[in-house]
Amino acid sequence: MEDCQKLGLTKSIGVCNFSCKKIQTLLAAAKIPPAVNQVEMNPHYYNS
């Protein structure tokens, strides 16, 4: 995804339903940090 952003194919990079631990791991390795963490929340979806 970082290559796509460098080539101008995308404006930003985001993640979806990442836990704090996963975000910390990503930030330790990523050159470009994610712009957003989209989290799904509704009564029928349980994320453990």
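Q: Which residues does Gln5 touch, not counting residues up to four places away in sequence?
A: This is a predicted model, so local features need pLDDT of at least 70, side-chain atom pairs count only at pLDDT 80 or more, and totals for chains, interfaces and linings use all residues. Residues are numbered from 1 along each chain as its sequence is written, and side-chain values use heavy atoms, with hydrogens and water left out. Contact means heavy atoms within 4.5 Å. On that basis Gln5 touches Thr10, Lys11, Ser12, Ile13 and Ile32.

Q: Is Gln5 buried, partly exposed or exposed?
A: Gln5 is found in helix H1 (residues 2-6). Buried means under 20% relative accessible area, exposed over 50%, and partly exposed in between (1.4 Å probe, protein chains only). At 22% relative accessibility, Gln5 is partly exposed.

Q: What is the order of the elements from the N terminus on?
A: Helices (H or I, at least four residues) and strands (E, at least two) are DSSP runs, numbered from the N terminus. The protein has 2 helices and 2 strands. Their order is α-β-α-β.

Q: Which residues does Ser12 touch, not counting residues up to four places away in sequence?
A: Ser12 lies in the loop between H1 and E1. With 42% relative accessibility, Ser12 counts as partly exposed. Val36 is 24 residues from Ser12 in sequence, yet their C-alpha atoms are 8.8 Å apart. The residues that Ser12 touches are Gln5 and Ala35.

Q: What is the phi of Asn17?
A: Asn17 sits in the loop between strand E1 (14-16) and helix H2 (20-29). Its C-alpha atom is 21 Å from that of Gln5, 12 residues away along the chain. Most residues other than glycine have a negative phi. Asn17 is not a glycine, but its phi is positive, about 55°.

Q: How many disulfides does the whole structure have?
A: A disulfide is a pair of cysteine sulfur atoms within 2.5 Å. For Cys4, the nearest cysteine sulfur is that of Cys16, 18 Å away. For Cys20, the nearest is also that of Cys16, 15 Å away. The search of the whole structure finds 0.

Q: Is Cys20 buried, partly exposed or exposed?
A: Cys4 has 30% relative accessibility and counts as partly exposed. Cys20 has a relative accessible area of 63%. That value makes Cys20 exposed.

Q: What share of the 48 residues of the protein counts as buried?
A: The C-alpha atoms fill a box of roughly 40 × 20 × 10 Å, taken along the principal axes. The protein exposes about 4300 Å² (Shrake-Rupley method, 1.4 Å probe). Carbon and sulfur atoms supply 58% of that area. Of the 48 residues, the share that counts as buried is 4%.

Q: Which element of the protein has the highest mean pLDDT?
A: pLDDT is the predictor's confidence in each residue, from 0 to 100. The protein has a mean of 90, and 92% of its residues reach 70 or more. Strand E2 (residues 36-38) has the lowest mean among the elements, 91. The highest, 95, belongs to H2.

Q: How far apart are the end C-alpha atoms of residues 1-43?
A: UniProt, in an unreviewed entry, lists residues 1-43 as "domain: NADP-dependent oxidoreductase". Such annotations may be inferred rather than shown by experiment. The span is 35% helix and 14% strand. Its end C-alpha atoms lie apart by 31 Å.
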